[in-house]
Amino acid sequence: MLFQVGGQGSHPTFFEMSAAQQLPSSLRAALTYSIGVLALRRPFLHKVLDYEDEFFAALTLILETHSLRTTDASFAETLYGLRRRAVNVHVKKDDLHMEPGSRIQHSGIRKRQKLLSVVFLVVLPYFKSKLHAIYNREREAALQASLWGNVNERFDESDNFGDASSSFASTSGLDTDLSVRTRFRKRMNKIVATCYPWLHAGTEGLAFAYQLLYLLDATGFYSPGLHALGLQVCRATGQELMDTSSRISKIRSNERERLRGPPWLKAVQGALLTCAYAVLDYAQTGLIAAVFGFKMMEWWYQSAEERMSAPTVYPPPPPPPPPKVAKEGIPLPPDRTLCPLCSQKRANPSAVTVSGFVFCYACIFKYVSQYNRCPVTLVPANVDQIRRLFHDL
């Protein structure tokens with residue numbers, strides 16, 4: 001079995017399909033970097049960065065809809081001279097002895113397939129990005145709670161105790177609604193955090209299987225989405241590339257002919273359509289330039305030689321909050337120089353790495369050897385996690 005790496009025929013290579021698939025992520029990185037630089041001088045652009053997913057989804061929705069309508073291909077596939085074709089399989093009894101490829105006929109894309117293509121190109125990546133963000137937040141919150149406890153809840157509880165007598169009567173109904181919404185949102189976030197790794201692994205594994213089969217020329221579908229839509233990506237012929245501009249102009253002229261109203265209203269609507277088409281054309285050109293410019297800057301500023309010769313020195317991170325003291329654990333003495341176990345001045349101070357609390361070496365060694373845990377936080381520990389401190393020498 002030979003890998004298809006050549007450029008002959010209408011069947012695109014694996015590298016062409018991979019480049020077309022990775023172009024949207026490069027475009028998003030370039031736009032995010034550009035807006036971040038501009039936001040240093042124009043602070044209102046930070047609102048765009050706060051809603052990055054929605055902004056990029058709206059932009060790709062416009063580009064993909066326009067590209068599928070005019071060229072029967074996605075925006076990235078258009079840049080590489082590729083087109084989408086519907087696959088119709090006709091099997092007859094008299095044709096069973098023929099080759100499998102001879103029974104496959106390519107036709108144009110129907111309107112329903114264009115709509116579903118927009119769903120696979122814009123809507124599903126948007127929801128996946130949102131689920132990934134929820135999963136990351138829940139993962140960080142769970143990690144913080146396991147190490148230091150839920151600091152936010154403790155602060156909220158202390159604040160609520162201070163003003164409970166003054167605000168309970170007036171806001172009891174509102175607090176009940178908010179608490180129900182909060183519990184529901186937290187429950188949904190936990191469900192997403194539990195199911196997302198399996199969903200992500202399944203989708204990525206299925207996509208990898210299709211790409212591997214495509215590389216081995218065992219299937220004509222590069223992704224499961226194209227297979228579900230019954231579409232294959234082919235190279236555009238020279239005649240198709242020449243007819244693209246005439247097709248776009250024909251579509252735009254038909255839209256101007258469908259305008260209704262008085263002559264002055266038609267003129268205004270036609271001018272608006274012309275401006276919209278000009279902005280869309282310039283936007284496509286600008287986005288292409290942004291992608292290549294971003295890649296050039298990334299290569300220029302982040303070369304391997306520069307990273308090895310001049311490593312970046314980062315400031316030290318802030319200290320973490322103190323770990324949570326267990327209810328059944330040994331309470332901490334008010335004097336920090338005393339050992340929590342013997343309540344005496346610490347001798348040979350030693351710390352447990354799982355919590356950071358300091359004890360006498362003899363006291364903590366005996367306790368950990370017997371109970372295999374930290375006496376304050378009750379986190380599992382062993383004697384190998386005891387460290388001597390020599391700050392008093």
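What share of the contacts in the chain with a separation of 6 or more is accounted for by residues 24 or more positions apart?

**View 1. Overview of the predicted model, with its helices and strands.** The structure shown is a predicted model, and in it residues 24 or more positions apart account for 59% of the contacts in the chain with a separation of 6 or more. The chain holds 11 helices and six strands, and of its 393 residues 28% count as buried. The views that follow take up a pocket, a cavity, a sheet and some single residues.

**View 2. The largest pocket and the residues that line it.** The space in the largest pocket comes to about 1,600 Å³, and 46 residues make up its lining. Six helices each supply at least two lining residues, namely α1 (14-39), α3 (52-71), α4 (75-79), α5 (111-148), α6 (151-215) and α7 (224-229). The helix that gives the most to the lining of the largest pocket is α5, with 11 residues. When the lining residues are sorted by class, 27 are nonpolar, 12 are polar and seven are charged.

View 3. A search of the whole structure for cavities of 30 Å³ or more finds one, and the volume of the largest cavity is about 60 Å³. Its lining consists of Arg-28, Leu-31, Thr-32, Ile-35, Val-48, Leu-49, Glu-52, Phe-55 and Phe-56. The elements that give two or more residues to this lining are α1, α2 (46-50) and α3, and α1 gives the most, with four residues. By class, six residues of the cavity lining are nonpolar, one is polar and two are charged.

**View 4. The open sheet of three strands, in the order β5-β4-β6.** Reading across this open sheet, the strands follow the order β5-β4-β6, and their pairing is antiparallel. Because β5 (358-360) and β6 (386-388) stand at the edges and have a single partner strand each, one side of each of them is left without a neighbour in the sheet. On average, neighbouring strands of the sheet are turned by 40° against each other, if direction is ignored. Helix α11 (residues 361-371) lies across β4, β5 and β6, and it runs at about 95° to β5.

**View 5. Strand β4 and its two partners.** Strand β4 (residues 349-352) pairs with β5 in the antiparallel sense over three bridges, and three bridges also join β4 to β6, again with the strands running antiparallel. Pro-349, for its part, stands opposite Cys-360 in β5. Are the residues on the two faces of β4 buried or exposed? Both faces are covered, for Pro-349 and Ala-351 on one side and Ser-350 and Val-352 on the other are all buried. In the hairpin of β4 and β5 there are five residues between the strands, and Gly-356 takes a positive phi near 95° there.

View 6. Asp-217 is found in the loop between α6 and α7, and its phi, near 60°, is a positive value in a residue other than glycine. With a relative accessible area of 43%, Asp-217 is partly exposed. Asn-348 belongs to the loop between α10 (304-309) and β4, and although this residue is not a glycine, it has a positive phi of about 50°. Asn-348 counts as partly exposed because its relative accessibility is 45%, a value that falls between the limits of 20% for buried and 50% for exposed.

View 7. Cys-234 lies in strand β3 (residues 231-235). Its relative accessibility is 11%, so Cys-234 counts as buried, the limit for this class being under 20%. Cys-234 and Met-17 are 217 residues apart along the chain, while their C-alpha atoms are separated by 10.0 Å.

Key: Residues numbered from 1 in each chain as written. Predicted model: local features only at pLDDT ≥ 70, side-chain atom pairs only at ≥ 80, totals over all residues. Heavy atoms only, no water. 1 Å grid on protein atoms, 1.4 Å probe; cavity = no way out; pocket = protein on both sides within 12 Å on 5 of 7 lines; lining within 4 Å. Points joined across faces, edges and corners; volume = space filled by probe spheres on them. Nonpolar A, V, L, I, M, F, W, Y, C, P; charged D, E, K, R; others polar. Pairing = 2+ DSSP bridges. Axes fitted to C-alpha atoms, helices over the stretch in contact; angles between N-to-C directions. Contact = heavy atoms within 4.5 Å. Buried < 20%, exposed > 50% of the residue type's maximum accessible area, 1.4 Å probe, protein only.
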